Amino acid sequence: MPDVMVNEAPGDDVLRPQTRPGVGLTDATVVEAPAPAADGFLGETLAGLGVAGGQGMWVQTGLVESARTGRVVAASGATAEVELRPSGAAASSGSQISLQAMQRLGLPLGALATLRVYVN
C-alpha cells in the first residue's frame, strides 16, 4: 500500500498513490557509504538541524560507517571542521547537523542545507 497520495502536475486535482523513496528496499539494495575520493570528498547531503548528540561540531550522515574527522562546505563556500558520525541510514539519506556547526556555516536554523562532505 502506498505511503502518500500526490498530485503529479500543477493544477491536477487527481490524487495518485506514490511510494516514498526507499520503501521496499531490501538489505541487498541499500547503498553503502561511498569510498572517499582522492581529495576526501564523500558526497553531498541535505542536512537539517539535529537534536541527537548534544554539544559540539558534528554531522550525522549515512556517508560514513564509523566516526571520523572531516569537514563540510555549504553552498555559500563556508567551511566547518566537524566530527562525521554514522547515522546508520543509506548514504543517499539526509543528514543532521549540530547547532554549533550550523552557526559556524552561517545557516538559518530552520532551513535544510546542501552540504559537500569531506573526510580528513
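Hi everyone, let me start with threonine 45, which is buried, with a relative accessible area of 5%. Before I go on, please keep in mind that this is a predicted model.

So where does threonine 45 sit? You'll find threonine 45 in strand β3. Its side chain makes a polar contact of 2.6 Å with the side chain of serine 95. If we skip residues up to four places away in sequence, threonine 45 touches a list of residues including Thr61, Leu63, Ser93 and Gly94. Ala113, Thr114, Leu115 and Val117 are also among the residues it touches.

β3 and β8 pair in the antiparallel sense, with 6 bridges. On another pairing, β5 and β8 run antiparallel too, joined by 5 bridges. One example there is glycine 70, whose bridge partner in β8 is valine 119. β8 is mostly covered, as 5 of its 7 residues are buried.

Now for the rings. How many aromatic pairs does a search of the whole structure find? The search finds 1. Phenylalanine 41 and tyrosine 118 form it, in a tilted arrangement with 5.3 Å centre to centre and 55° between the planes. Since phenylalanine 41 lies in β3 and tyrosine 118 in β8, the pair ties together parts that are 77 residues apart in sequence. Phenylalanine 41 also stands opposite tyrosine 118 in β8.

Tyrosine 118 is buried, at 10%, because the cut-off for buried is under 20%. Tyrosine 118 has a further neighbour to show you: the charged end of arginine 71 sits over its ring, 4.2 Å from the centre.

In soluble globular proteins, nonpolar side chains tend to be buried together. Here the largest nonpolar core has 20 residues, and those with the most contacts inside it are Val72, Ile97, Leu105 and Leu115. Which element gives the largest share? That is β8, with 4 residues.

Let me finish with isoleucine 97. Leaving aside neighbours within four places in sequence, isoleucine 97 is in contact with Ala47, Gly48, Leu49 and Gly50, among others. Its contacts also include Trp58, Val59 and Met102, along with Leu105 and Leu115.

Key. Residues are numbered from 1 along each chain as its sequence is written. This is a predicted model: local features need pLDDT of at least 70, side-chain atom pairs count only at pLDDT 80 or more; totals for chains, interfaces and linings use all residues. Side-chain values use heavy atoms; hydrogens and water are left out. A nonpolar core is a set of buried Ala, Val, Leu, Ile, Met, Phe, Trp, Tyr and Cys residues joined through side-chain atoms within 4.5 Å. Buried means under 20% relative accessible area, exposed over 50%, partly exposed in between (1.4 Å probe, protein chains only). Helices (H or I, at least four residues) and strands (E, at least two) are DSSP runs, numbered from the N terminus. Contact means heavy atoms within 4.5 Å. A polar contact is a pair of N or O atoms within 3.5 Å; within protein, one must be able to donate a hydrogen and the other to accept it, and residues adjacent in sequence count only if both atoms are side-chain atoms. Rings of Phe, Tyr and Trp (its six-membered ring) pair if their centres lie within 6.5 Å; planes under 30 degrees apart count as stacked, over 60 as edge-to-face and the rest as tilted. A charge sits over a ring if NZ of Lys or CZ of Arg is within 6 Å of the ring centre and within 35 degrees of the ring normal. Two strands pair if DSSP finds at least two bridges between them.
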